Amino acid sequence: MPRMTMIEAIRDAHVVAMEADPDVIVMGEDVGYFGGVFRCTAGLQKQFGVARCFDTPISELGIVGTGVGMAAYGLKPVIEIQFADYMYPGYDQLVSEAARLRYRSAGEFTCPMVVRMPTGGGIFGAQTHSQSPEALFTHVAGLKTVVPSTPADAKGLLLAAIADPDPVIFLEPKRLYNGPYDGHHDRPSVPWSKHPDGEVEAGHYTIPLGKARIVREGTDATLVTYGTMVHVALAAVEEAGIDVEVIDLRTLLPLDLETITASVCKTGRCVVLHEATLTSGYGAELAALIQQDCFYSLEAPILRVAGWDTPYPHAQEWDYFPGPARVRRALETVMKD
Amino acid sequence: MATRKTAAKSNVSTDELLSYYRDMLLIRRFEEKAGQLYGMGLIGGFCHLYIGQEAVVVGLEAAAEEGDKRITSYRDHGHMLACGMDPNGVMAELTGREGGYSKGKGGSMHMFSKEKHFYGGHGIVGAQVPLGAGLAFADKYKENGRVTFTYFGDGAANQGQVYEAFNMAALWKLPVIFVIENNQYAMGTAQKRSTSTEEIHKRGEPFGIPGELVDGMNVLAVKDAGDKAVAHCREGKGPYILEIKTYRYRGHSMSDPAKYRTREEVQKMREERDPIEQVRGMLLKAEVGEDKLKEIDKEIKEIVNASADFSKESPEPALEELWTDIYADEIPQEVN
Ligand SMILES: Cc1ncc(C[n+]2csc(CCOP(=O)(O)OP(=O)(O)O)c2C)c(N)n1
Ligand SMILES: [Mg+2]
């Protein structure tokens, strides 16, 4: 099987989708001529022409808004917002238009649009290039939210997102673009070419939205997470020496609650982990749902490990980033009770 | 750069020229040093250098008076140095240290100085533009005769909020100068690929805002245009647009593969149009000796080296510092 970085896998998904369906078009800042600041759309303009892969002005509101119009007509826009942090000018169009078009028109008009955005920290991006805004999307009825953690998943999930009849927010953990990142910033990074999840099937395949993946089976506790934190979780579990089941959600909405609750009911202990800030984060939703379904199986309160409730700082990033040490502490705490 | 205004003022004094030379050189050398520190791993993340664009901010600062305000994007180091902020504090913010203007919490794109009326570097493209109009509103409200220089790029000129700000500024006759630093590229996208009309300075016309195109490689032309715009604002005639054509020599930020333009294009600009070399030529013609210029070079080098030393010696902010300055009062929070 070919090995790819997450960037190449995402690019490949675009190629497959564009070859299969002439209504798929790709737009965003620097995506055409330049091929994207992270190179996720490199060569698409050359291969498919400027009508199907093109540069937009720096106008996020206009980009998302025109995307909604294109999608309502029946095109399938795949939009890149250069960083998730730049989404806010376009947020109104996502919430007020994209998410609600189907409901508002009683199903007559829909918005089959994908909005891709690099998300997360760990790259010294400070407050305007490191945020994890997933909860701003999962809070909106009508949007689906996906966060892959491997190249193979990124491709399969992106193809499923493009095929989906509703608007999908596709958050790409930028710290994972070139290799898995386990939070040990001081250790040499491993490229995807040396990692089993770097193997990506050629051609068309999808990974259904709403299906989680058990990344590591275990019996003592369950660690529920997604995106970059999947790799941090695995490192923390190895270091803690506890037999923890690690679940990668892959999609936050729709959520595969069944897989999560089956695991937590089995282990009786649960830690929820995300990079985004704690308060009103997606972890709060997870904790609420899990306690509801697993209340009588829980041996300890569910703990959350998350970003601190501050803007993302420029300095002290490695303390701020919820790395393996913090995850390990939480695992040890849930094991105590 | 087809259209160009020639330097009008022939009566510029040698002292003025010397001060432009000094201020532009400070920015150039500071940015070169920042580039070096970045290469050494002392600065991380984003760092947008101003090299090539020095005449824009130096020319406009020469047109400003005490109390005038300035606000800009993430490409902000030059603006801070030109308005008299301390190079040590700027460099230490780049390295994320306690001695930085935002105590290391903001980084290259996010620094401020109340003392110098510098209302920040802003990382979100276009976000500073309505803020600039708001600052000008406050000046007008206070009737203090001040103006606000609101800087943004050619790429930022396509953000919708820019035009909301234009309308409000014109409607309320705000003393704001919208300075479009047109370096002809927004990241990897040349202006023509993203912008429907070439003449961005004319985009104020439908709002009734006068605008003009200025040669941004010529500090004297910039100063002249600045004087005119400032006078317009101080007379209570409302906003003014200056589209200043300039050029950045370096990449958009430090990790720019630069595949969107040729090396020759950059080289030609540096050789034929460099703003510092132009002033240097004028100074030599005005019989300021090489010695004097060498003395300035040396003085600048010392300032810049001192800022680099400071930025290495200043400690990282204490971890507790991350929870300060979120609200006026500390709100207790769970830390895991
Ligand atoms: C809202 C938003 N969209 C996109 C970006 C990413 N971005 C940062 S700088 C830049 C180009 C801006 O170009 P221009 O306004 O011409 O300024 P220059 O960098 O040339 O000084 C882009 C697209 C951002 N920071 N904010
Ligand atoms: Mg520009």
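How many helices and strands are there in chain B? In this predicted model, chain B contains eleven helices and seven strands. Its radius of gyration is 20 Å, close to the 20 Å that the globule rule gives for 336 residues, so chain B is as compact as a globular protein of that length. Taken along the principal axes, the C-alpha atoms of chain B fill a box of roughly 60 × 50 × 40 Å. According to an unreviewed UniProt entry, the feature "domain: Dehydrogenase E1 component" is placed at residues 23–319 of chain B. Over residues 23–319 the chain is 45% helix and 10% strand, and the end C-alpha atoms of this stretch are 36 Å apart.

Chain B holds an open sheet of five strands with parallel pairing, in the order E1-E2-E3-E7-E6. Strand E1 (69–71) and strand E6 (211–215) of chain B form the edges, each of them pairing on one side only. On average, neighbouring strands of this sheet are turned by 20 degrees against each other, direction ignored. Within the sheet, strand E2 (residues 148–153) and strand E3 (residues 176–182) of chain B are paired in the parallel sense over six bridges. One residue in this pairing is B:Tyr151, whose bridge partner in E3(B) is B:Val179. Helix H5 (residues 128–142) of chain B lies across E1, E2 and E3 of chain B. The direction in which helix H5 runs is at about 170 degrees to E2(B).

Chain A has twelve helices and twelve strands. The radius of gyration of chain A is 19 Å, close to the 20 Å given by the globule rule for 337 residues, so chain A is as compact as a globular protein of that length. Along its principal axes, the C-alpha trace of chain A spans about 60 × 45 × 40 Å. For this chain, the UniProt annotation "domain: Transketolase-like pyrimidine-binding", from an unreviewed entry, covers residues 4–179. That span of chain A is 38% helix and 16% strand, and its end C-alpha atoms lie 10 Å apart.

An open sheet of seven strands is found in chain A, with mixed pairing and the order E2-E1-E3-E4-E6-E5-E10. Strand E2 (53–55) and strand E10 (251–253) of chain A stand at the edges with a single partner strand each, so one side of each is left without a neighbour in the sheet. From one strand to the next, the twist averages 20 degrees. Strand E4 (residues 114–119) and strand E6 (residues 168–173) of chain A pair in the parallel sense over six bridges. In this pairing A:Met117 stands opposite A:Leu171 in E6(A). Helix H1 (residues 6–20) of chain A packs on the sheet, where it touches strand E1 (24–28), strand E3 (76–80) and E6 of chain A. The direction of helix H1 makes about 135 degrees with that of E1(A).

The peptide bond from A:Leu253 to A:Pro254 is cis, with omega near 5 degrees. A:Pro254 lies in the loop between E10 and helix H9 (257–267) of chain A, and E10 is an edge strand of the sheet described above. A:Asp30 is not a glycine, yet it has a positive phi of about 65 degrees. A:Asp30 is found in the loop between E1 and helix H2 (44–48) of chain A.

The contact between the chains takes 33 residues from chain A and 36 residues from chain B. On the side of chain A that touches chain B, helix H3 (60–73), helix H11 (317–320) and helix H12 (324–336) of chain A each supply at least two residues. By class, the residues of this side of chain A divide into 18 nonpolar, nine polar and six charged.

Ligand 1 lies between chains A and B. Of the 19 residues around ligand 1, those that come nearest are A:Tyr86, B:Val125, B:Gly153, B:Gly155 and B:Ala186. The shell around ligand 1 has nine nonpolar, six polar and four charged residues.

Notes:
Residues numbered from 1 in each chain as written. Chains lettered and ligands numbered in written order. Predicted model: local features only at pLDDT ≥ 70, side-chain atom pairs only at ≥ 80, totals over all residues. Near = placed C-beta within 6 Å. Nonpolar A, V, L, I, M, F, W, Y, C, P; charged D, E, K, R; others polar. Pairing = 2+ DSSP bridges. Helix = DSSP H or I, 4+ residues; strand = E, 2+ residues; numbered from the N terminus. Axes fitted to C-alpha atoms, helices over the stretch in contact; angles between N-to-C directions. Contact = placed C-beta atoms within 7 Å. UniProt positions renumbered as here; feature names shortened; annotations may be inferred. Rg over C-alpha atoms; globule rule 2.2 N^0.38 Å.
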